[in-house]
Amino acid sequence: MTPDEGITRELSLGEVVSKTFSLCRRNFVKYSALFLAVEVVIGLVSVWAYGAFPLPTLPVNATSQDVANWASGFFASLIYLVGVVGIVSLVFGTIAFGSTIKMASEEVENKSVELGAAVRFAASKMLWMWVLGIILGIVIGLGFIALIVPGIILAIMFSVSFQALLIENAGIGGSLGRSRELVGHRWLKTFAVFLVFAIIVGIAATIVSVISAPFGYWSQLVSSVLSSFYQPIIPVATTVYFYSNRARIAPSPGSSVSALMPAPGMKFCPNCGTQLSAATTFCSNCGAKQPV
């Protein structure tokens, strides 16, 4: 696997952050338009759902019968509300996430970045992303239940699985294995990378929450629109980090040839391949007589 044109070596933490914001800034309109469209759809559906399935309030000084009636109505509305918003968010959110990875990948490889093509590609991979997401959710969730630390380790281990799935078409099992290979020996750095971006996104989300709060009934829609400006950060960052580690473990040009050449004054045993001194008559490993 050859190093990628845009990232030909492992990037430091600072370089990952810088490269991420460089890519986001360069195609800001495309990333923002994608997430803005998705968030507007989800926001409008949410507003409609809250109106169509209002959550009943418990009367003051309610009797036991009032509580029973309230509970049945509350949970029925909640199920409809969560179901409608959840399905719409899952479909459109998955497409936005996959499209962003695809566009960031194209940009890193110095290819043409086309929003429409990225959306179609992500839509074609949506079922595979769902399957991978379910597997990761179960595995990482069980890890968090087991005293939290195993969950963090598993989250780090499989942090670039979606990139392996979409960029390398590695399949479900192959994506998990590829992610573990790429972040191997970089556990602390991977944790630091995701911690930094989690803080950045957390600060942005807090600012958006403060701005949208005064809008009352429409605050959810306003929040959804404003969040489209920072939501591309995580998929772009993980894609940059994916390429950084891919460049790190990629063999350097000519390394496979040099590995087959004996050092000066040395030779390989034709029987077992052990490297020996050129003056050796019998192999120290298998005892075979060496050609003159």
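**Exercise 1.** Determine the handedness with which helix 3 passes helix 11, and characterise their packing.

Solution. Helix 3 passes helix 11 in a right-handed crossing, where right-handed means that the near helix is turned clockwise from the far one by less than a right angle, and left-handed anticlockwise. Helices are DSSP runs (H or I, at least four residues) numbered from the N terminus. The model is predicted: local features need pLDDT of at least 70, side-chain atom pairs count only at pLDDT 80 or more, and totals for chains, interfaces and linings use all residues. Residues are numbered from 1 along each chain as its sequence is written, and side-chain values use heavy atoms, with hydrogens and water left out.

Next, take the geometry. Helix 3 (residues 64-108) packs on helix 11 at about 45°, the axes being 9 Å apart; axes are lines fitted to C-alpha atoms over the stretch in contact, and angles run from 0 to 180 degrees between N-to-C directions. The two helices are therefore oblique (under 35 degrees is roughly parallel, over 145 roughly antiparallel, 65 to 115 roughly perpendicular, the rest oblique).

Finally, list the contact (heavy atoms within 4.5 Å). Helix 3 contributes F97, T100, I101, A104, S105 and V108, and helix 11 contributes P235, V236, T239 and Y243. By class there are seven nonpolar, three polar and no charged residues (nonpolar: Ala, Val, Leu, Ile, Met, Phe, Trp, Tyr, Cys and Pro; charged: Asp, Glu, Lys and Arg; polar: the others, Gly among them).

**Exercise 2.** State which classes of residue form the lining of the largest pocket.

Solution. The lining of the largest pocket divides into 12 nonpolar, four polar and no charged residues.
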